[in-house]
Amino acid sequence: MINGLLAALLAALIVAGVIIGIFYLFLSGVLIWLGGIFVAGLIVGAIILFAIIFIFAIIVFFALFYYLAEKKPEITPGEYKLGEEKGKNE
């Protein structure tokens with residue numbers, strides 16, 4: 001029974017120490033400083049990700065117009081043989 005009481009007392013002291021440590025860090029400004037660095041990193045990361053996606057979207061936009069403006073082959077009616085087929089096995 002004494003072992004259980006000592007374990008409970010030790011656990012209570014550890015929890016109190018952790019709480020006091022968190023309060024100390026919070027009141028000294030370390031947690032606010034770390035939070036500011038985290039938020040600044042998120043903002044910079046979001047800006048970089050937006051720039052990459054924006055550049056990719058511009059490239060795809062112009063590639064779409066290039067694809068649409070490319071001349072399509074004209075197919076004339078007639079009789080074709082399999083040997084006259086172009087574009088395969090070249």
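Guide: Let's begin with F50, which is exposed, at a relative accessible area of 57%. Keep in mind that this is a predicted model.

Visitor: Is F54 buried, exposed or partly exposed?

Guide: F54 is partly exposed, and its relative accessible area is 45%.

Visitor: How is a pair of aromatic rings described?

Guide: The general idea is to give the distance of the centres and the angle of the planes. In this structure, a search of the whole model turns up three aromatic pairs. Take F50 and F54: their ring centres lie 5.8 Å apart and their planes meet at 25 degrees, so this pair is stacked. Planes under 30 degrees apart count as stacked.

Visitor: What about F61 and F62: stacked or edge-to-face?

Guide: F61 and F62 make an edge-to-face pair, with 5.6 Å from centre to centre and 70 degrees between the planes. F61 counts as partly exposed at 44% relative accessibility, while F62 is exposed at 54%.

Visitor: Which residues do ring pairs link into a cluster?

Guide: The cluster consists of F61, F62 and F65, joined by ring pairs.

Visitor: And how many helices and strands does the protein chain have?

Guide: The protein chain has two helices and zero strands. Of its 90 residues, 0% count as buried. Its accessible surface is about 8,900 Å², and carbon and sulfur atoms account for 78% of that.

Notes
Residues are numbered from 1 along each chain as its sequence is written. This is a predicted model: local features need pLDDT of at least 70, side-chain atom pairs count only at pLDDT 80 or more; totals for chains, interfaces and linings use all residues. Side-chain values use heavy atoms; hydrogens and water are left out. Rings of Phe, Tyr and Trp (its six-membered ring) pair if their centres lie within 6.5 Å; planes under 30 degrees apart count as stacked, over 60 as edge-to-face and the rest as tilted. Buried means under 20% relative accessible area, exposed over 50%, partly exposed in between (1.4 Å probe, protein chains only). Helices (H or I, at least four residues) and strands (E, at least two) are DSSP runs, numbered from the N terminus. Accessible areas come from the Shrake-Rupley method with a 1.4 Å probe; for residues, only the protein chains shown count as cover.
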